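Here is a short report for a first look at this structure. Keep the sequence and the 3D view open while reading.

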Amino acid sequence: MNGSGPILSCRGISKSFGPVQALDGVDFDVNRGEVVALVGDNGAGKSTLIKAIAGIYSIDDGRFLFEGSPVTIGGPKSATRLGIATVYQDLALCDNLDVVANLFLGQESVIGGAGHAARVLDETEMEHRSHDLLEQLSVTIPSVRSEVGTLSGGQRQQVAVARSLLGEPKVVMLDEPTAALGVVQTKQVLALIKRLRERDLGVIVVSHNLANIFAVADRIFVLRLGKRAGDFNAHETSEEQIVGAITGAEFGARPNGEAKGGVAR
Amino acid sequence: MKLRTPDVGAPEDAGAEQVSRADVVRRFVQGDLASLRVIFAIAVIWIVFQSQNDRFLSAVNLTNLFLQITAVGLISVGVVMALLIGEIDLSVGAVSGLSAAVMAVLNVKQGWNPWLAVAAGVATGAAIGFLQGALFTRFRIPSFVVTLAGSLSWLGALLLVLGHTGTVNLANSDITNLANTFYSPTVGWIFAAVAIALFAAITLAGYRDRIGAGVTTEPLGLLLFRVGIVAAVTIVAIAILNSDRGLPLALLILFAFVIGFQLVTTRTVFGRHLFAVGGNAEAARRAGIRVDSIRVIAFTLCSGMAAVGGIMAASRLLAVNQSSGGSNLLLEAIAGPVIAGTSLFGGRGSVWSALLGAVVIGSIANGMDLLALESSVKYMVTGGVLLAAVIIDAVARSQRQAEGRV
């Protein structure tokens with residue numbers, strides 16, 4: 001069993017920017033081994049919620065529960081320490097460095113002995129671990145020594161996701177992971193998201209593309225004007241219902257409240 | 001015996017091995033292309049000047065050439081630190097003059113121990129770099145503005161330190177020997193043997209480690225070829241130097257700094273972070289790298305090396321005067337690495353480019369002096385070479401960007 005409760009719970013999260021109420025008492029859960037799609041129109045509060053969870057914005061009101069216990073997310077580092085990894089849309093990769101260097105950027109392995117004090121890079125160790133990680137995720141790139149700037153958009157996205165896994169996170173948030181990708185590359189990234197679920201991670205995906213969302217998500221959480229506008233089981237919901245919830249045109253579908261992790265399989 | 005983790009066996013890697021070998025060849029072509037281009041350019045320059053004046057490739061002139069490029073090469077090593085993070089330091093000329101002046105005044109007028117004076121000179125340069133780096137990161141002023149303002153100020157400080165005489169002659173033999181010591185042929189050959197043995201040992205040990213760990217490596221043939229080239233160049237160079245005055249200490253100092261900085265930039269966490277900041281500062285920041293610290297350190301190293309270069313220049317000139325660090329020194333120190341493939345846009349390049357670029361610029365200057373060309377011609381030729389190099393850099397960059405969007 002995948003534990004009892006959600007791995008991450010957000011309760012009554014509120015955040016305003018001046019007069020604009022970006023988030024208004026949002027309750028949001030993620031379970032282990034579950035892909036939750038976070039959808040909503042522009043300005044619905046998706047990014048604000050993601051950034052609040054990632055520790056970039058401090059919240060005005062509400063609380064976070066991680067693995068059942070209350071936590072404060074004081075900044076990006078405290079979110080990372082809890083085990084929440086975020087892959088932003090711009091990926092933040094260094095094009096001039098190779099895949100290994102990017103995967104380990106900021107957390108490089110250092111050799112032991114005399115070279116330790118001089119912080120000499122342990123390239124073989126890092127290359128080895130890169131191979132292992134990318135193999136587990138079935139990521140296909142020409143070589144771990146390829147410069148990231150020479151990779152395709154899909155490969156870059158996969159490298160960015162793989163990097164977020166090096167810190168052994170429990171929750172991974174992906175911001176628009178398939179934006180600007182071709183058909184084949186989108187497929188690769190969606191397959192990677194499914195493999196994250198197989199690793200029992202809680203995965204939060206922000207996307208505008210409903211077709212992609214239905215392809216990977218177990219649950220679809222809809223935000224509208226900073227409030228929860230619906231929480232749907234992706235396997236029992238139609239695209240029309242989601243669009244209805246996003247636009248507020250029709251409120252027919254009842255939010256199903258409790259999430260059912262692992263329903264996909 | 002090497003670290004071989006059990007979960008990745010050789011068979012699974014067989015497919016990846018194929019792909020990566022092709023990639024390795026591609027990397028060799030792309031990565032070493034800039035260096036090959038420069039070496040080719042040097043060959044052309046040397047052949048042209050030799051055909052015009054057969055003293056150009058004589059042992060005495062080549063030795064002079066290396067003595068001439070020592071100071072600018074050392075300054076360029078520092079400039080590479082600034083270029084790698086995508087910044088520029090326009091104060092290196094003035095800083096080299098001021099640091100040398102501080103050393104000279106402390107030693108000659110204040111009677112300091114020569115080595116203490118040298119250390120104080122280098123510390124002056126490093127402190128200036130720290131200050132400029134701190135101003136740049138604290139107030140987010142473009143680095144060329146900070147260092148341009150700095151350049152004027154340090155020029156003023158140079159005049160102040162030198163006092164009304166305007167010139168300080170160096171008399172201490174420890175300091176003047178830095179640029180005027182030549183080793184006997186035997187010592188030269190010993191250095192050559194040690195250098196070749198070390199390079200071969202490090203190259204082959206790295207190969208053995210990587211094979212042992214089961215990760216990709218460059219083909220053994222390529223590595224042996226590289227060792228062979230280095231050995232051949234070293235032997236020829238020592239033979240030439242020995243047939244004149246011998247191996248100069250100045251050249252050893254230059255190589256020691258080049259190799260040291262090359263190792264720091266390519267083998268350490270700090271070096272990796274330098275490239276990361278130059279490639280994508282925002283990505284580096286999000287990866288937890290203290291970007292501003294890296295920048296301040298890079299500027300400190302840059303000015304510190306400007307001081308080292310200035311002290312070597314003073315040692316060769318046997319004096320520090322009001323024009324120390326002036327004239328073309330600044331432009332040549334920046335143009336050299338750029339000509340030899342270090343990008344002005346940051347994140348790409350190597351410390352070797354400081355050496356290779358200095359040889360290119362030094363050869364052109366030396367050759368034109370031998371031909372007794374007018375200053376007007378010399379300036380225009382040097383400017384043209386720099387412009388060509390920057391154009392090549394810009395073209396290579398746009399090609400890379402086009403590739404990246406495939």
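## A helix with one buried face

Start with helix H9 of chain B, residues 249–267. This is a predicted model. H9(B) has 19 residues and reaches 26 Å from its first C-alpha to its last. That is close to the 27 Å expected at 1.5 Å a residue.

Which residues of H9(B) are buried? They are Ala250(B), Leu251(B), Ile253(B), Leu254(B), Phe257(B), Val258(B), Phe261(B) and Thr265(B). Seen down the axis of H9(B), these buried residues fall within an arc of 160°, so they line one face of the helix. An α-helix has 3.6 residues a turn, so residues three or four places apart point the same way. The face of H9(B) turned away from the buried side carries the exposed residues Ala256(B) and Gly260(B).

## What covers the helix

Now the whole chain. Chain B has 15 helices and four strands. Of its 406 residues, 43% are buried. Take the contacts in chain B with a separation of 6 or more: 78% of them are between residues 24 or more positions apart.

## Where the two chains meet

## The four-stranded sheet of chain A

Turn to chain A. Four strands form an open sheet in the order E2-E1-E4-E5, with antiparallel pairing. Strand E2 (20–30) and strand E5 (69–71) of chain A stand at the edges, each with a single partner strand, so one side of each is left without a neighbour in the sheet. On average, neighbouring strands of this sheet are turned by 30° against each other, direction ignored.

Strand E1 (residues 8–17) of chain A runs antiparallel to E2(A), and seven bridges join the two. Phe17(A) stands opposite Val20(A) in E2(A). Helix H1 (residues 46–53) of chain A packs on the sheet and touches E1 and E2 of chain A. The direction of H1(A) makes about 60° with that of E2(A).

Ser47(A) has its place in helix H1 of chain A. Is Ser47(A) buried or exposed? Ser47(A) has 20 other C-beta atoms within 10 Å, so this residue is buried. Arg129(A) is 82 residues from Ser47(A) in sequence and 32 Å away in space, C-alpha to C-alpha.

## The six-stranded sheet of chain A

Another open sheet in chain A has six strands, in the order E6-E7-E8-E3-E9-E10, with mixed pairing. Strand E6 (84–87) and strand E10 (227–233) of chain A stand at the edges, each with a single partner strand, so one side of each has no neighbour in the sheet. Neighbouring strands here are turned by 20° against each other on average, direction ignored.

Two helices lie across this sheet's strands. Helix H5 (residues 153–165) of chain A lies across E6 and strand E7 (171–175) of chain A, at about 165° to E6(A). Helix H8 (residues 239–247) of chain A lies across E3, strand E9 (219–224) and E10 of chain A, at about 25° to E9(A).

## An enclosed strand

Why is E8(A) largely enclosed by the rest of the structure? Five of its five residues are buried, so the rest of the structure largely encloses E8(A). Gly202(A), Ile204(A) and Val206(A) point one way, Val203(A) and Val205(A) the other way.

E8(A) has parallel partners. Five bridges join E8(A), residues 202–206, to strand E3 (residues 34–39) of chain A. Val36(A) has Ile204(A) as its bridge partner, and Leu38(A) stands opposite Val206(A). Five bridges also join E7(A) to E8(A), and these two strands run parallel. Here the bridge partner of Asp175(A) is Val206(A).

Definitions and conventions
Residues numbered from 1 in each chain as written. Chains lettered and ligands numbered in written order. Predicted model: local features only at pLDDT ≥ 70, side-chain atom pairs only at ≥ 80, totals over all residues. Expected span 1.5 Å × (residues − 1). Buried ≥ 20, exposed ≤ 12 C-beta atoms within 10 Å, placed from the backbone. Arc of directions from axis to C-beta. Pairing = 2+ DSSP bridges. Axes fitted to C-alpha atoms, helices over the stretch in contact; angles between N-to-C directions. Contact = placed C-beta atoms within 7 Å.
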